[in-house]
Amino acid sequence: METEIAEIKAAHNKAVADFYKSELTKGDQFKKTLLSLSNLSDIQLVQVVDVSSINLCPLYYNYAVVLFHQKQLYSALKIMTGILQHVDHLNNKFLEKVGLLTVCILLDTNHHKKADQLLEMLQNRLNINNDDILLSDDELLESEQGRKPEELDEEQEIYRNLFRLALIRSRLLNRKSVIIPLEETSNFSILKAHQFYLMNDFQMSAKELSKQFKNEVVTVKKYGEDQNVCIANNMGLIHFSVKHYSLAVRFFQQALLFDQKALETARKDYSNQLPLHCLGATKRADILYNLGIALLYLQRPKDAFDCLLVPLNVYHKNPRLWLRLAEACIMVHKQHLKEQESQNKNIVSSVIGSGVHRKFVITPSQLKYSIDDTGSSAIPSTSLEFALLCLRNALTLVNHYLQISTVLDMKSVKSETFEVFGNNWNKALDDGVLCNPSKPLSKAAIEKLRMHILTASSYVSLCLGDYTISLQHAKELLKMENIPDTHKMLAYLYSAESCIMLDRIPEAISFLDPKLMTELKSTDFETRSSPDWNINTLEAASAVFTYNLAVSLAIYGDFELARTTVAMSRHPIVTFHVKMLELYLEMQSGNVEKCKKMIALDTPQYF
């Protein structure tokens, strides 16, 4: 066994030497060698990699470093978790590297609490003082102790700076108080801006990012990332938070240009053979995610759809992303309906013939959505068929995450079962289920997300003619607790329309019972107004509800009650629909002269 380990170590050392000899450019070859030596072909199937011998920890550590720079963070985390099982036997020099890499991976994968606890453990084990880390050299000299910081060699200074950045970042993400050094550098200014952002002081946050920095410009060539990309993206987030969506879009587009230019410059400098630290430098997927959301708020769904498709390749387990894609498709459909509605809002659209042969052409109702049979719904496009596919994926993920969240609440399954420095890592369970790049989803957030998905699914199924599924989703929505009144009203309306299309009129009328409107509150409608949501008062909601009840009664054949009911619906939001229904009711009753009077009053140009 010892001979075998010795041979592996020798082969590993040779691979490291060859990798450095290639100036870190032959990353794939180095990774392939490490993979063969470590026998990690089934890393996707395990929770924690079993590092059999402490002598092999450097080998596994180097493999994790490669995965980290290739942005395979979860695989890297499994390896680092395995190495930490031997933590009591690692020397401090190696522990510094292992601990810092693990913290960076934890922060990048939104394990904020675990990262914070691991940092505390490292500080205790390595005797790291907060003042030595967080304060600059000048500030240390002016402190009460008046002690001069110890002279550090170059490697120690680099480690101190990296540890300091990780510590500040962890404290910010965990909403803990932290002192950020007063250094006019891009790193600390970005962190300070993040601190102001979390405090909702967006003006000071933007001011920090607009400073002139004294440090060397952070570029992909030297550091593996570009400061201009980060600053432009963060400025976009600030403007998005204050609802300046056009400016946010401009900054996100600028960030994309910076990202593209930085990579092109790095490829040119390295003759298209990027070293290891430059492999995962691009932030394109994350920026496009942000840009897509901002474009949705700007009512530009087609552009948003194109942007959101790119991060889908990386974050396909994110139900929010699937929902946003579906929302883009729905918004395209709604804009098309709005165009149709705006063409003619009169009862009569035209007249045919003259004299006694003159006939009025009633304005046709909106055309039913035509299903495109020419292509597959799996092909990405802004169609309702693809929207339904996205919503199915989102609902499947949300139901799965609900199960995980329930298990975490019951504490019947724990992610790690070993101790680090005498502390059980299970105490640092994160708040919710991981959903990168979004923050972890709490059970309440998952339920809220499920509510939105069910509402959209019911609407899309209704448009596509799948009335049974639409009714099923609407009923599931009504069973949920604490849903907003706006969604409750939509659930009633979708249920009623589905029942009408299924020829279950009495059941449809039961969903439109006026007593149900008394349960709704006006505040919810007023706070949810948007360009695509015109029902921003309880009166408007009541008018829509009453009109739909009148339609159901008319279909059921109770014309008198339908006429009485529609007379109570007089809000501008349903004016055109009410006119058409009243004309229909008069025609059914045989009141031809009254119909003519209604037409003459609405469109006098035809008389």
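Q: In this predicted model, which residues of helix 28 are buried?
A: Helix 28 runs over residues 592–602, and its buried residues are Cys 595, Met 598, Ile 599 and Asp 602.

Q: What makes those buried residues line one face of helix 28?
A: Look down the axis of helix 28: the buried residues fall within an arc of 95°, so they line one face. An α-helix has 3.6 residues a turn, so residues three or four places apart point the same way. Turned away from that buried side are the exposed residues Glu 593, Lys 597 and Leu 601.

Q: What covers the buried residues of helix 28?
A: The cover includes strand 1 (348–352), strand 2 (359–362) and helix 27 (575–588).

Q: How do you know that the length of helix 14 agrees with its number of residues?
A: Helix 14 (residues 245–269) has 25 residues, and at 1.5 Å a residue they should span 36 Å. The end C-alpha atoms are 36 Å apart, so the two agree.

Q: Which residues of helix 14 are buried, and what covers them?
A: Among the buried ones are Tyr 245, Val 249, Phe 252, Leu 256, Asp 259 and Leu 263. Helix 12 (220–223), helix 13 (227–241) and helix 15 (284–297) are part of what covers the buried residues of helix 14. After helix 14 comes Ser 271, with a positive phi near 55°.

Q: Why is Ser 189 called buried?
A: Buried means under 20% relative accessible area. Ser 189 has 2% relative accessibility, so it counts as buried. Ser 189 sits in helix 10 (residues 186–198) and, not counting residues up to four places away in sequence, touches Glu 208, Lys 211 and Phe 213.

Q: Which residues touch the most other members of the largest nonpolar core?
A: Of its 100 residues, those are Leu 291, Ile 453, Val 460, Met 489, Ile 535 and Phe 545. Helix 18 (residues 384–410) gives this core its largest share, 12 residues. Another core, of 51 residues, lies apart from it and has Ala 64, Phe 94, Leu 126 and Phe 163 among its members.

Q: What is Ile 535 in contact with, leaving aside neighbours within four places in sequence?
A: Ile 535 is in contact with Met 489, Phe 525, Ala 540, Ala 541, Val 544 and Ile 573.

Q: How do helix 3 and helix 5 pack, and what is the handedness of the crossing?
A: Helix 3 (residues 57–69) and helix 5 (residues 92–108) pack at about 35°, with their axes 11 Å apart. The crossing is left-handed. Residues that meet there include Tyr 61, Ala 64 and Phe 68 in helix 3, and Phe 94, Val 98 and Leu 101 in helix 5.

Methods
Residues numbered from 1 in each chain as written. Predicted model: local features only at pLDDT ≥ 70, side-chain atom pairs only at ≥ 80, totals over all residues. Heavy atoms only, no water. Buried < 20%, exposed > 50% of the residue type's maximum accessible area, 1.4 Å probe, protein only. Helix = DSSP H or I, 4+ residues; strand = E, 2+ residues; numbered from the N terminus. Arc of directions from axis to C-beta. Contact = heavy atoms within 4.5 Å. Expected span 1.5 Å × (residues − 1). Core = buried A, V, L, I, M, F, W, Y, C linked by side-chain atoms within 4.5 Å. Axes fitted to C-alpha atoms, helices over the stretch in contact; angles between N-to-C directions. Left-handed = near helix turned anticlockwise from the far one by under 90°.
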